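Here are some notes to read alongside the model.

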Amino acid sequence: MLEVTQLTKKYGKTLAADHVTFAVPSGSIAVLLGPNGAGKSTVIKSVMGFLKYDGNVHIDGMDNKSVEAKRVLGYIPEIPALYPNLTVYEHMEFIARAYRLKNYKENIEFLLNRMELFDKKDKFGDSLSKGMQQKLSICLGLLPRPRCILFDEPMIGLDPHAIRELKNIFKELRDDGCTLLVSTHMIDSMEQLWDQTIILKEGHAVAQVRRGEMDNRSLEDFFFEVTEGGTP
C-alpha cells in the first residue's frame, strides 16, 4: 500500500503541492490526473524521495526514504534516463547488479522480448528512438519486480503494440497484488483499467473517487467536470 499524508512542497513562494493526502491499496491502480502545473510530477518525485517536502509517505508501512521501502518501490520517469555508452542489455545488467538480483537473465530476456527490444540489445542508449528509450525505461523499472510502482506519463512515445502490452502489464501487476500509481494526460488510455483516481489542481487534491462511485460517468468527463469548474 502507498500512503501519502499532508504532502506539501514549495518551490520558493510557489506552493506546488498543498497538504496532498491519499492512499492506494495493494492490488489496485490509481490514476493521478491534473492539468499542466497541477503538481503531479512534484507528488511523484516526492513519493520517490527525490525532493525535500513536508508530510509523510509510507510504502507498506515503511518510510519511503528507508532502504527497505526503496527495495519494493519502482519508478518509470516521464523522460527516460539512459546512459549513452551502455547498450540495452548492459542497462538491464546494471540494474540487476545494483539491486543484487539473482537468476535475472531469463527475466531480462522476457521483458526485452515483450517490449520488442531483444533484437536491439546490443544498441547503445543514445542510438534508440524516443519510443524505444521509453520501452527500455519500462523494462528497467520492472526488472527488480517492485511491489509499488510509479509511472509518470508512461505511454508517451509508445507505439500501439507497446501501449497494449503496457496495459496488459498493468493488469498483471494489479492481479499480483502490486500497488500502481499512474500519472498521465492520456485519460482515455486508462478508462478500463483504473480503480481510483486522484485529481490535482493548483497543488490541491480536489477530488478522489473510486470506480464504483462514478455513476456511469467516464473518467474523462469526471476530470473535466472537476478541473473546469463543474460539479463532480
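1. Let me begin with the crossing of α3 and α4, which is right-handed (left-handed if the near helix is turned anticlockwise from the far one by less than a right angle, right-handed if clockwise). This is a predicted model, where local features need pLDDT of at least 70 and side-chain atom pairs count only at pLDDT 80 or more, while totals for chains, interfaces and linings use all residues. Residues are numbered from 1 along each chain as its sequence is written, and side-chain values use heavy atoms, with hydrogens and water left out. Helices (H or I, at least four residues) and strands (E, at least two) are DSSP runs, numbered from the N terminus.

2. On the geometry of that pair: the axes of α3 (residues 88-98) and α4 (residues 105-114) come within 11 Å and cross at roughly 135 degrees. Axes here are lines fitted to C-alpha atoms, for helices over the stretch in contact, and angles run from 0 to 180 degrees between N-to-C directions. The two helices are therefore oblique to each other (under 35 degrees is roughly parallel, over 145 roughly antiparallel, 65 to 115 roughly perpendicular, and the rest oblique). From α3, the contact (heavy atoms within 4.5 Å) uses Val88, Tyr89, Met92 and Glu93, and from α4 it uses Lys105, Ile108, Leu111 and Leu112. These divide into 6 nonpolar, no polar and 2 charged residues; Ala, Val, Leu, Ile, Met, Phe, Trp, Tyr, Cys and Pro count as nonpolar, Asp, Glu, Lys and Arg as charged, and the others, Gly among them, as polar.

3. The crossing is right-handed. Val88, His91, Met92 and Ile95 of α3 meet Leu136, Cys139 and Leu140 of α5. By class, this contact has 6 nonpolar residues, 1 polar and no charged.

4. Thr87 is buried, at 10% relative accessible area (buried means under 20%, exposed over 50%, partly exposed in between, with a 1.4 Å probe and protein chains only). Leaving aside neighbours within four places in sequence, Thr87 is in contact with Lys121, Asp122, Lys123 and Phe124.

5. Phe151 touches Ile76, Leu142, Leu166, Phe170, Leu173, Leu180, Leu181, Val182 and Ser183, not counting residues up to four places away in sequence.

6. Is helix α1 enclosed or open? 7 of the 9 residues of α1 are buried, so this helix is largely enclosed by the rest of the structure. The buried ones are Lys40, Thr42, Val43, Ile44, Ser46, Val47 and Met48. Lys45 lies in α1 (residues 40-48) and is partly exposed, with a relative accessible area of 34%. Beyond residues up to four places away in sequence, Lys45 touches Phe50, Leu51 and Tyr75. The C-alpha atoms of Lys45 and Leu150 are 9.3 Å apart, although 105 residues separate them along the chain.

7. Most residues other than glycine have a negative phi. His19, in strand β2 (residues 14-24), has a positive phi of about 50 degrees and counts as partly exposed at 46% relative accessibility. Asn103 also has a positive phi, near 50 degrees; this residue sits in the loop between α3 and α4 and is exposed at 78%. Just after α1, Gly49 takes a positive phi of about 85 degrees.

8. Finally, which residues does His161 touch? This histidine of helix α6 touches Arg114 and Glu116, residues up to four places away in sequence not being counted. At 27% relative accessibility, His161 counts as partly exposed.
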